[in-house]
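Biologist: Could you walk me through this one? I'm new to it.

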Amino acid sequence: MHFHHIAIEVRDLETSAAFYQKYIGLQEESRFPFGGEKIIFLKADGFRLELISTTEQSSNNFSSMHLCFQVDSINEVAQHFNENGIFAIEGPYKLKNGWEIVFYQGPDNEVIEFMQIGGKADK
(Lines give C-alpha, C1' and ligand atoms only; values in the text may rest on other atoms or scores of the structure.)
Protein backbone atom coordinates (compact mmCIF):
# COMPACT_ATOMS: atom_id res chain seq x y z
CA MET A 1 0.00 0.00 0.00
CA HIS A 2 1.15 3.54 -0.69
CA PHE A 3 -0.31 7.02 -0.60
CA HIS A 4 -2.08 7.92 -3.86
CA HIS A 5 -3.75 11.32 -3.41
CA ILE A 6 -5.52 13.83 -1.20
CA ALA A 7 -8.83 15.28 -2.36
CA ILE A 8 -10.74 18.45 -1.59
CA GLU A 9 -14.18 19.68 -2.57
CA VAL A 10 -14.11 23.05 -4.29
CA ARG A 11 -16.74 25.63 -5.21
CA ASP A 12 -15.38 26.38 -8.70
CA LEU A 13 -13.44 23.56 -10.32
CA GLU A 14 -11.79 25.61 -13.09
CA THR A 15 -10.74 28.45 -10.76
CA SER A 16 -9.23 26.01 -8.27
CA ALA A 17 -7.44 24.03 -11.00
CA ALA A 18 -5.97 27.25 -12.44
CA PHE A 19 -4.82 28.34 -8.96
CA TYR A 20 -3.00 25.08 -8.20
CA GLN A 21 -1.45 25.02 -11.66
CA LYS A 22 -0.26 28.64 -11.60
CA TYR A 23 0.85 29.01 -8.00
CA ILE A 24 1.77 25.47 -6.93
CA GLY A 25 3.05 24.18 -10.27
CA LEU A 26 0.75 21.15 -10.54
CA GLN A 27 -0.15 19.86 -13.99
CA GLU A 28 -3.48 18.39 -15.06
CA GLU A 29 -3.33 14.60 -15.18
CA SER A 30 -6.97 13.75 -15.95
CA ARG A 31 -10.57 14.87 -15.61
CA PHE A 32 -13.81 12.92 -15.59
CA PRO A 33 -17.34 12.87 -14.16
CA PHE A 34 -18.25 10.46 -11.37
CA GLY A 35 -21.83 10.31 -10.17
CA GLY A 36 -22.94 13.91 -9.66
CA GLU A 37 -19.37 15.13 -9.35
CA LYS A 38 -16.82 16.55 -11.75
CA ILE A 39 -13.23 15.62 -10.94
CA ILE A 40 -9.81 16.93 -11.96
CA PHE A 41 -6.56 15.23 -10.92
CA LEU A 42 -3.49 17.46 -10.77
CA LYS A 43 0.01 16.14 -10.11
CA ALA A 44 3.69 17.00 -9.68
CA ASP A 45 6.66 14.98 -8.45
CA GLY A 46 4.64 11.97 -7.27
CA PHE A 47 2.02 14.11 -5.49
CA ARG A 48 -1.61 14.09 -6.64
CA LEU A 49 -4.41 16.47 -5.73
CA GLU A 50 -7.98 15.55 -6.61
CA LEU A 51 -10.33 18.51 -6.99
CA ILE A 52 -14.01 17.63 -6.68
CA SER A 53 -16.89 19.86 -7.71
CA THR A 54 -20.30 18.56 -6.79
CA THR A 55 -23.63 19.58 -8.24
CA GLU A 56 -25.38 18.55 -5.05
CA GLN A 57 -25.13 20.04 -1.57
CA SER A 58 -23.37 17.52 0.66
CA SER A 59 -25.76 16.34 3.36
CA ASN A 60 -23.58 13.74 5.07
CA ASN A 61 -21.49 14.22 8.19
CA PHE A 62 -18.23 13.27 6.51
CA SER A 63 -15.27 15.50 5.84
CA SER A 64 -15.12 17.47 2.58
CA MET A 65 -11.68 16.00 1.98
CA HIS A 66 -10.29 12.50 1.91
CA LEU A 67 -7.06 10.53 1.84
CA CYS A 68 -6.49 7.81 -0.74
CA PHE A 69 -4.20 4.82 -0.54
CA GLN A 70 -3.38 2.67 -3.55
CA VAL A 71 -3.60 -1.04 -2.77
CA ASP A 72 -3.04 -4.30 -4.63
CA SER A 73 -6.47 -5.70 -3.79
CA ILE A 74 -9.75 -3.97 -2.93
CA ASN A 75 -11.15 -7.35 -1.89
CA GLU A 76 -8.37 -7.89 0.67
CA VAL A 77 -8.98 -4.42 2.13
CA ALA A 78 -12.71 -5.09 2.40
CA GLN A 79 -12.10 -8.47 4.02
CA HIS A 80 -9.71 -6.96 6.58
CA PHE A 81 -12.13 -4.19 7.53
CA ASN A 82 -15.19 -6.47 7.53
CA GLU A 83 -13.44 -8.96 9.84
CA ASN A 84 -13.00 -6.06 12.28
CA GLY A 85 -16.62 -4.90 12.06
CA ILE A 86 -15.89 -1.89 9.86
CA PHE A 87 -17.96 -1.61 6.70
CA ALA A 88 -17.63 0.58 3.61
CA ILE A 89 -19.55 3.85 3.62
CA GLU A 90 -19.50 3.91 -0.18
CA GLY A 91 -18.54 1.49 -2.92
CA PRO A 92 -16.84 -0.52 -4.06
CA TYR A 93 -17.06 1.00 -7.53
CA LYS A 94 -15.30 0.19 -10.78
CA LEU A 95 -14.55 3.33 -12.79
CA LYS A 96 -14.45 3.52 -16.59
CA ASN A 97 -10.65 3.85 -16.46
CA GLY A 98 -10.44 0.47 -14.68
CA TRP A 99 -9.73 1.79 -11.19
CA GLU A 100 -11.62 0.13 -8.35
CA ILE A 101 -12.39 2.28 -5.31
CA VAL A 102 -14.02 1.91 -1.90
CA PHE A 103 -14.50 4.40 0.95
CA TYR A 104 -14.36 3.90 4.73
CA GLN A 105 -14.93 6.25 7.64
CA GLY A 106 -12.11 6.90 10.09
CA PRO A 107 -12.58 7.48 13.83
CA ASP A 108 -13.05 11.26 13.44
CA ASN A 109 -15.41 11.08 10.43
CA GLU A 110 -12.51 11.45 8.00
CA VAL A 111 -12.98 9.61 4.72
CA ILE A 112 -10.35 7.09 3.67
CA GLU A 113 -10.40 5.85 0.09
CA PHE A 114 -8.66 2.71 -1.12
CA MET A 115 -7.94 2.39 -4.84
CA GLN A 116 -6.86 -0.59 -6.89
CA ILE A 117 -5.17 0.27 -10.17
CA GLY A 118 -4.43 -2.93 -12.00
CA GLY A 119 -2.82 -4.88 -9.18
CA LYS A 120 -3.47 -8.53 -8.71
CA ALA A 121 -6.69 -10.00 -9.97
CA ASP A 122 -9.26 -10.71 -7.29
CA LYS A 123 -11.35 -13.82 -7.76
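Modeller: Let's start with a term: buried means under 20% relative accessible area, exposed over 50%, and partly exposed in between (1.4 Å probe, protein chains only). This is a predicted model, where local features need pLDDT of at least 70 and side-chain atom pairs count only at pLDDT 80 or more, while totals for chains, interfaces and linings use all residues. Residues are numbered from 1 along each chain as its sequence is written, and side-chain values use heavy atoms, with hydrogens and water left out.

Biologist: Is Asp45 buried or exposed?

Modeller: Asp45 sits in the loop between strand 3 and strand 4; strands (E, at least two residues) and helices (H or I, at least four) are DSSP runs, numbered from the N terminus. Its relative accessible area is 85%, so Asp45 is exposed.

Biologist: And what is the phi of Asp45?

Modeller: Most residues other than glycine have a negative phi. Asp45 isn't a glycine, yet its phi is positive, at about 50°.

Biologist: Why do the buried residues of helix 2 sit on the same side?

Modeller: In helix 2 (residues 74-83), the buried ones are Ile74, Val77 and Phe81. They're on the same side of helix 2 because they cover an arc of only 65° around the axis, the arc being that of the directions from the helix axis to the C-beta atoms. An α-helix has 3.6 residues a turn, so residues three or four places apart point the same way. The value to remember for that arc is 65°.

Biologist: What do those buried residues pack against?

Modeller: Contact here means heavy atoms within 4.5 Å. The buried residues of helix 2 pack against strand 5, strand 6 (90-94), strand 7 (100-105) and strand 8 (111-116).

Biologist: Which residue caps the N-terminal end of helix 2?

Modeller: Look for a side-chain oxygen 3.4 Å from the backbone nitrogen of Asn75. That oxygen belongs to Ser73.

Biologist: How many salt bridges does the structure hold?

Modeller: A salt bridge is a side-chain nitrogen of Lys or Arg within 4 Å of a carboxyl oxygen of Asp or Glu. One of them joins Arg31 and Glu14 (2.8 Å, N to O). That pair links distant parts of the chain, with Arg31 in strand 2 (residues 27-34) and Glu14 in helix 1 (residues 13-24), 17 residues apart. The count for the structure is 4.

Biologist: Which residue forms a salt bridge with Glu29, the closest N and O atoms being 3.9 Å apart?

Modeller: Glu29 also meets Arg48 in a salt bridge, but there the N to O value is 2.9 Å. At 3.9 Å, the partner of Glu29 is Lys43. Glu29 lies in strand 2 and its partner in strand 3 (residues 37-44), so the pair ties together parts 14 residues apart in sequence; that partner, again, is Lys43.

Biologist: How exposed is Lys43?

Modeller: Its relative accessible area puts Lys43 in the partly exposed class. The value is 40%.

Biologist: Last one: where is Leu67?

Modeller: Leu67 is partly exposed, with a relative accessible area of 35%. Together with Phe3 and Phe47, Leu67 forms a nonpolar patch on the surface. As for its place, Leu67 is in strand 5 (residues 65-71).

Notes. Patches are made of residues with over 30% relative accessible area and no salt bridge: like charges are joined within 9 Å, nonpolar side chains (Val, Leu, Ile, Met, Phe, Trp, Tyr) within 5 Å. Accessible areas come from the Shrake-Rupley method with a 1.4 Å probe; for residues, only the protein chains shown count as cover. A polar contact is a pair of N or O atoms within 3.5 Å; within protein, one must be able to donate a hydrogen and the other to accept it, and residues adjacent in sequence count only if both atoms are side-chain atoms.
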